[in-house]
Structures are given as C-alpha cells and as structure tokens.
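Here are my notes for your reading. Keep the structure open beside them and check each point as you go.

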Amino acid sequence: MIQYKDEQLTVFESQLYKTTSTVIQTEDCVIVVDPCLLPFEIDAIREYVMNIKGSRPIYLVMTHSDWDHIVGAGAFPEATVIASEAFKTKNQKDIVEQAKAFDDQYYIDRKIPVIYPNVDIAVTEDSQQVKIGNTTLTFYLAKGHTDDGIYTIVEPKGVWIAGDHLSDIEFPFIYSSSKDYIDTLEKTDVILNNHQINVLIPGHGHVTCSKKEILKRKNDGLQYIENLKKAIQSNADHEHLIAPYPYKRSLIECHAENVQFLIKEMEED
Ligand SMILES: [Zn+2]
C-alpha cells in the first residue's frame, strides 16, 4: 500500500479512491496527514508511525473535513492536531455519520472508533507557519472543494500536501465555491515561487516530483471549471470535459453534481 517512499517521506495509497495518507519524519517530529481509509490500512499506518517515531512528537494534519480524510484520526489520540479554523465549525456529527453510513454499506467493522478530531492549532490565514525545531510547516487556505481545506508545505524537505486539489485522476469536485476553487488553483504559482517544492501529494491520485506536472494539473483544473461554466451558459454539451479522466462510470456522477452546483451558483449571482 506504499505509493511513494524516500528517506523522510512515505505516501500510503488506500485501495479505495486512491486516497493518500502521508507520513513525514524529520529530526524534530513525525507528521501524519489524513490517515485513512480501511481499518487494516489505518492500522498499518499507525504501526509504521509507532515504529519510527522514537521520542518525537506526532503532528496530525487534516487537509479538510470530508469523511474519507478524517476517518482514521482516532488512531492518533496523542497527536497535536492541525486543521483550518473552518474545520472546527463543521457539522461534526454529520461527517462522522457519513463515515459510519459508508462502513455499514460495506459491513466494515472498526476497532478504532470514527471520531471528529479536536483541533489544537487552527489555520486562519495564508502563509501561517508552525515551527517545530528545524521543521517548518507553512499553510495556505485551500477552499473550493470544501470551505475548510488547507495546503501544507513541509520544509526544508519541500513537500506540498494539497488535499483534494491538483489530482491527476480527478477533475475539480466543487462542493463549496467555484470562485474559491479557482483562487486555490491560482495559489499554485505563489507556492512554487515562495517554496522549493520537490514533491506534491494530492488527496487522491499520484504523487509528482515535477513542477511541469504540477502546473499541468493546475491548468487542467482551471480549464475544466472555465469550460464547464461556458458550456452550461450556452447550453452546450460538456461530457467530453471528463474524457481525459479514468473511472468515468463513477466520476460522471461527480461531474453531474458539479453541473448542478454551478447552475445554482450562477443563478445566485
Ligand atoms: Zn477526498
């Protein structure tokens, strides 16, 4: 279940939705991001972290509040939890219920109960930093998919954890605001200018070490949103916009949700 590994960084890939979980070890701490998704996968991540951690503290970063990303947070009760300020005010019960509904659908049992994590450090603005010894975490608000997303940059390693943005296998899933989503994608250039990025990790899909690929994903995302809006406005066909993406039999539903969301958004404008 390991998609990418080097000395400091391990990216786990779930069997479901190619969801990624990230573990970064530095001299100062162990950073765990979105541990997920199936019980045995969360167990394996927990075991891995316990094996490497020594006396270092654990920081648990939540990229956003979607149930598939918070489902394993309960496995790290000792961790210092970092998420956005907006993450704190979500309907926590609803999100836990969504996870439980999924588990019931597939008869999944969990030893570690699904909990909505309590945030210890809240991210409120772009470029906010948390320094742990020589390790620096820099956060950017990343809204649009949800209204509580964050980007996390871990330095000096140069890792960018993007949550549910900049995927190579998913077009933008716009659940909170297309304007915010575009702003979030536009931050790509700011981040690439301000930081030496060596690895980008999306919430679903594949890690990339290429700046060119990061910019391609940004542009693909922007194109999708822009073209879909245009197509809706002119009543034109838009199914071809998801042609480059895999898993179409399922993703067509997410595309349809985007269409409904954008229609509503445009009516309100
Ligand atoms: Zn997700």
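1. Start with one bridge. Glutamine 25 has valine 30, in strand E4, as its bridge partner. Keep in mind that this is a predicted model.

2. Now widen the view to the two strands. Strand E3 covers residues 20-25, and strand E4 covers residues 30-33. Their pairing is antiparallel and runs over four bridges. As background, strands in a sheet pair through backbone hydrogen bonds, in a parallel or an antiparallel way.

3. Next, the whole sheet. Seven strands form an open sheet in the order E1-E2-E3-E4-E5-E6-E7. The pairing is mixed. Which strands are at the edges? They are E1 (2-5) and E7 (121-123), and each pairs on one side only. On average, neighbouring strands are turned by 15° against each other, direction ignored.

4. Helix H1, residues 39-53, touches strands E2 (9-13), E3, E4 and E5 (58-61). The direction of H1 makes about 5° with that of E3.

5. Look next at a pair of helices. Two packed helices are described by the angle and the distance between their axes. The axes of H6 (residues 211-233) and H7 (residues 248-268) come within 10 Å and cross at roughly 70°. Angles of 65 to 115 degrees count as roughly perpendicular, so H6 is roughly perpendicular to H7. The crossing is right-handed.

6. Which residues make the contact? H6 supplies Leu228, Lys229 and Ile232. H7 supplies Asn258, Val259, Leu262, Ile263 and Met266. Sorted by type, the residues of this contact are six nonpolar, one polar and one charged.

Technical notes. Residues numbered from 1 in each chain as written. Predicted model: local features only at pLDDT ≥ 70, side-chain atom pairs only at ≥ 80, totals over all residues. Axes fitted to C-alpha atoms, helices over the stretch in contact; angles between N-to-C directions. Parallel < 35°, antiparallel > 145°, perpendicular 65-115°, else oblique. Left-handed = near helix turned anticlockwise from the far one by under 90°. Contact = placed C-beta atoms within 7 Å. Nonpolar A, V, L, I, M, F, W, Y, C, P; charged D, E, K, R; others polar. Pairing = 2+ DSSP bridges.
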